[in-house]
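Notebook open, structure loaded. I want to go through the cores, the rings and the sheet in turn.

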Amino acid sequence: MATGRTHRPATRSRGIPEATVARLPLYLRALTALSERSVPTVSSEELAAAAGVNSAKLRKDFSYLGSYGTRGVGYDVEYLVYQISRELGLTQDWPVVIVGIGNLGAALANYGGFASRGFRVAALIDADPAMAGKPVAGIPVQHTDDLEKIIKDNGVSIGVIATPAGAAQPVCDRLVAAGVTSILNFAPTVLSVPDGVDVRKVDLSIELQILAFHEQRKAGEETAEGGPLPAAAPAATDDSADQGPDGDVPAVMPA
């Protein structure tokens, strides 16, 4: 596994904390659902419940946006959608390249949520010459030899890496050298990037391991209370012959 660090984004000029920025997409998703149902206003309690946070935290987050709502009325849904979209930079078109068009990369290419959220898949890139020219989600795959030209021609600043772990750092280095300043990394490795480049990592296997921890703890609590014993774990088997060096990566795109 490669070593390195994930660069922290620079402090934003408006002083919005990173924890608040991380919650803004949750609010936007909940508000968009309300807008689609033609709901004109929403209280902080209702919106907080829909976003999965407490109402005091929501009101504090919105104060950074300069939005305080109206007592007895709540927040204007359409205005908040615009306000958060503008703050997140979603009122403009963001061209994105996806590098690594295996099962996961193809699933990402077919994900319909990009376009509706301000992102346009400008190019699909893969190192396999046999993939060149094949359409995925209606977009022809291009070879990695043309990566730098593709980024320049499309004005790309956001790259998505869905390659095997061993290829991720070299791809990352080329993306950065070509002018990409934000990377969404699905490869099961840590990327090293220079200052000024932001990396967000999505590791499905880690999320599953965290869920397994909670399941094990719940089973232990049930046993302590006199409930049934948890089932014995199956005997370990050697599956190395059936897996690549990095194991299988689920071809799933979160909704």
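**Entry 1: the largest core.** I started with the largest nonpolar core, which has 22 residues. This is a predicted model, so I read everything below as computed from it. The residues with the most contacts inside the core are Tyr27, Leu31, Val42, Leu47, Leu58, Phe62 and Ile84. I then looked up which elements give two or more residues to this core: helix 1 (18-36), helix 2 (44-51), helix 3 (55-64) and helix 4 (77-88). Helix 1 supplies the largest share, seven residues.

**Entry 2: aromatic rings.** How many aromatic pairs does the structure hold? I get three, and I followed up two of those here.

For Tyr27 and Phe62, the ring centres are 5.0 Å apart and the planes sit at 75 degrees, so I log the pair as edge-to-face. Over 60 degrees is the cut-off for that label. Tyr27 is in helix 1 and Phe62 in helix 3, so this pair ties together parts that are 35 residues apart in sequence. Buried or exposed, I asked of Tyr27 and Phe62? Both are buried.

Next came Phe62 with Tyr75: the centres are 5.1 Å apart with the planes at 85 degrees, so this pair is edge-to-face too. Phe62 lies in helix 3 and Tyr75 in strand 2 (residues 75-76), so parts 13 residues apart in sequence are tied together. I checked accessibility as well: Phe62 has a relative accessible area of 0%, and Tyr75 comes out at 4%. Under 20% is what buried means here, so Tyr75 at 4% counts as buried. Tyr27, Phe62 and Tyr75 form one aromatic cluster.

Entry 3: I traced an open sheet of seven strands, in the order 5-6-4-3-7-8-9, with mixed pairing. Which strands are at the edges? They are strand 5 (135-136) and strand 9 (198-201), each pairing on one side only. Strand 5 runs antiparallel to strand 6 (residues 139-143), and two bridges join them. I noted one partner: Pro135 bridges to Pro140 in strand 6.

Then I looked at the helices packed on the sheet. Helix 7 (residues 147-154) touches strand 3 (94-99), strand 4 (119-126) and strand 6, and its direction makes about 165 degrees with that of strand 4. Helix 8 (residues 165-177) touches strand 3, strand 7 (158-161) and strand 8 (182-185), at about 170 degrees to the direction of strand 7.

**Entry 4: a closer look at helix 7.** Which residues of helix 7 are buried? I find Leu147, Ile150 and Ile151. Looking down the axis of helix 7, I see these buried residues fall within an arc of 95 degrees, so they line one face of the helix. The cover over the buried residues of helix 7 includes strand 3, strand 4, strand 6 and helix 8. The face turned away from the buried side carries exposed Lys149, Lys152 and Asp153. Last item: Gly155 follows helix 7, and its phi is positive, near 60 degrees.

Terms used. Residues numbered from 1 in each chain as written. Predicted model: local features only at pLDDT ≥ 70, side-chain atom pairs only at ≥ 80, totals over all residues. Heavy atoms only, no water. Pairing = 2+ DSSP bridges. Helix = DSSP H or I, 4+ residues; strand = E, 2+ residues; numbered from the N terminus. Contact = heavy atoms within 4.5 Å. Axes fitted to C-alpha atoms, helices over the stretch in contact; angles between N-to-C directions. Core = buried A, V, L, I, M, F, W, Y, C linked by side-chain atoms within 4.5 Å. Buried < 20%, exposed > 50% of the residue type's maximum accessible area, 1.4 Å probe, protein only. Phe/Tyr/Trp six-rings, centres within 6.5 Å; stacked < 30°, edge-to-face > 60°. Arc of directions from axis to C-beta.
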